Every structure is written in structure tokens, then in C-alpha cells.
Amino acid sequence: MEPDRSIVLNNPHNIRGVVSYKRSFNDLNDVQLSSAKRIGIRPIASREEAEDEVGSRLTHIVPCGHYDMDSLTHSIPFLVPKASALLDTIGMNFLDSLGRKGLNPNKIIVTSVLRTKDDVKRLRRTNGNASLNSCHFYGTTFDISWKRFAKVEHPEGRPMQDVGADTLKLVLSEVLRDLRQADRCYVKYELRQGCFHITAR
């Protein structure tokens, strides 16, 4: 029998999103920072120092079935276990929601993770927003793009209809809203950076 090569179409339904990204995800830095300081590591100076914390305080995160990662130029892929578990949950819930809403699978893309003091010094040269008071120091915080997603290929190689980034953003916002309401995380909608800035609780 010939393999099925027909395109897998989306059948979107029940996509609501949130009333306002800005209003729904407005957990400011001081709120996120107090959580980061409570459950995170102490800020570390260099990437070498970060390697020493792996296993004891930090988990190494890698692209997987639930999420993809950017080439992290100004951060390193380490999170405290609680934040790593939160990232897994967001990725799984997002894929699950897409399936339930009749949309083809896409993975979230992590754009920033743990920053050392050296990283922030370098970043400040190009991005004035890079704070010396950043939650990213504590291994509790990561950024997820709302502009870009990673399309998942069909296991049998069938072509799959694209899902627009705006639609994917709506579904992701529902996932984040639910986790935030369950007191799992704080979320800030970053317009200029094109990401959701998320700290575990």
C-alpha cells in the first residue's frame, strides 16, 4: 500500500487566549526576584563556577520532545530542579493543548536561561535592559519566545499545515495563565524582547 502523503490539516477550535497579555502577565521584577532569591542558587560569577553546581543544585537542560532551545549566546542551559520541572510542564501542556484544540504540534523555544555575572556584563554592552538585578542569576528563571515556535515533523513524513505564530501564542498564553493561577510561576509579558519571562515559585 502507498504511504499516505496527504497534508495533515489543522482543525482549530476552542482557542481563547487571555484578555490582555500585558494585564494577564504583569509580574514585575521585584516579585519575581523575591521568589528567585528564595528558591534559587546564589548568583555565580562565571560559567566554570556554574559547572560545579550541576548535579547538586542545578539541572542541565537540553532540547527534548517538549521544548527546543535557541543557541544561547548570553546564558547557559542550567536551572534549579523546580524551574526545570516547570519548563517541562509548560512544554508538555502546550503540546497537549495544541492536540486538544485541533492544531498541529509545535514546541516552545527557550531563548534565555541562567546568566552568570560575566554574561550580564557582556549583555549590557548591547542590551541596556540587562539588569544587574536579574532573576536570571538564580537558575529559577527562563524566557520563552512568543514569536517563534519549532514545528514538529510528522512521524510518517506527511506534510503538515503550519499553525500561525499568533494562534500558537494564544494557546501558550492559556497554558501559562493556568500554571500562574495554580501558583506554579510568575510571568511577565516582554513586548520588546518577544518573550514571556517566567520564574518558578
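Because the model is predicted, local features were considered at pLDDT of at least 70 and side-chain atom pairs at pLDDT 80 or more, whereas totals for chains, interfaces and linings use all residues. Residues are numbered from 1 along each chain as its sequence is written, and side-chain values rest on heavy atoms, with hydrogens and water left out.

The secondary structure of the chain comprises six helices and eight strands, where helices (H or I, at least four residues) and strands (E, at least two) are DSSP runs numbered from the N terminus. Read from the N terminus, the order of these elements is α-α-α-β-β-β-α-β-α-β-β-α-β-β. The radius of gyration is 18 Å, close to the 17 Å given by the globule rule for 201 residues, so the chain is as compact as a globular protein of that length; the radius is taken over C-alpha atoms, and the rule is 2.2 Å times the number of residues to the power 0.38. Along the principal axes, the C-alpha atoms fill a box of roughly 60 × 40 × 30 Å. Of the 201 residues, 48% count as buried, a class defined by a relative accessible area under 20%, with exposed meaning over 50% and partly exposed in between (1.4 Å probe, protein chains only). Among contacts (heavy atoms within 4.5 Å) between residues at least 6 apart in sequence, 74% join residues at least 24 apart.

Strand 5 (residues 141-145) is mostly covered, five of its five residues being buried. Thr141, Asp143 and Ser145 point one way from this strand, while Phe142 and Ile144 point the other way. Strand 5 is paired with strand 4 (residues 106-112) in the antiparallel sense over two bridges, pairing being assigned if DSSP finds at least two bridges between two strands; within this pair, valine 110 stands opposite isoleucine 144. Strand 5 also runs antiparallel to strand 8, to which five bridges join it, and here threonine 141 lies opposite threonine 199. Strand 8 is in turn joined to strand 7 (residues 185-190) by six bridges, again in an antiparallel arrangement, with isoleucine 198 as the bridge partner of valine 187. Strands 7 and 8 form a hairpin with four residues between them, and glycine 194 in the turn has a positive phi of about 65 degrees.

Threonine 199, located in strand 8 (residues 195-200), is buried, with a relative accessible area of 0%. Its side chain makes a polar contact of 2.8 Å with the side chain of threonine 141; such a contact is a pair of N or O atoms within 3.5 Å, of which, within protein, one must be able to donate a hydrogen and the other to accept it, residues adjacent in sequence counting only if both atoms are side-chain atoms. Leaving aside residues up to four places away in sequence, the residues touched by threonine 199 include Gln32, Leu86, Cys135, Arg184 and Tyr186.

Among the helices, helix 4 (residues 81-100) contains phenylalanine 94, which counts as buried at 0% relative accessibility. Not counting residues up to four places away in sequence, phenylalanine 94 touches Asn106, Lys107, Ile108, Phe149, Leu168, Val171, Leu172 and Val175. In helix 5 (residues 117-124), the buried residues are Asp119, Val120 and Leu123. Viewed down the helix axis, these fall within an arc of 95 degrees, so they line one face of helix 5, the arc being that of the directions from the axis to the C-beta atoms. Helix 3 (47-53) is included in what covers them.

The structure holds zero disulfides, a disulfide being a pair of cysteine sulfur atoms within 2.5 Å. The sulfur of cysteine 135 has its closest cysteine sulfur, in cysteine 195, at 12 Å, which is too far for a bond. Cysteine 135 is buried, with a relative accessible area of 1%, and cysteine 195 is likewise buried, at 3%.

Most residues other than glycine have a negative phi. Asparagine 14, in the segment before helix 1 (21-24), has a positive phi near 60 degrees and is partly exposed, with a relative accessible area of 45%. Aspartate 183, in the loop between helix 6 (165-181) and strand 7, also has a positive phi, near 60 degrees, and is partly exposed at 48%.
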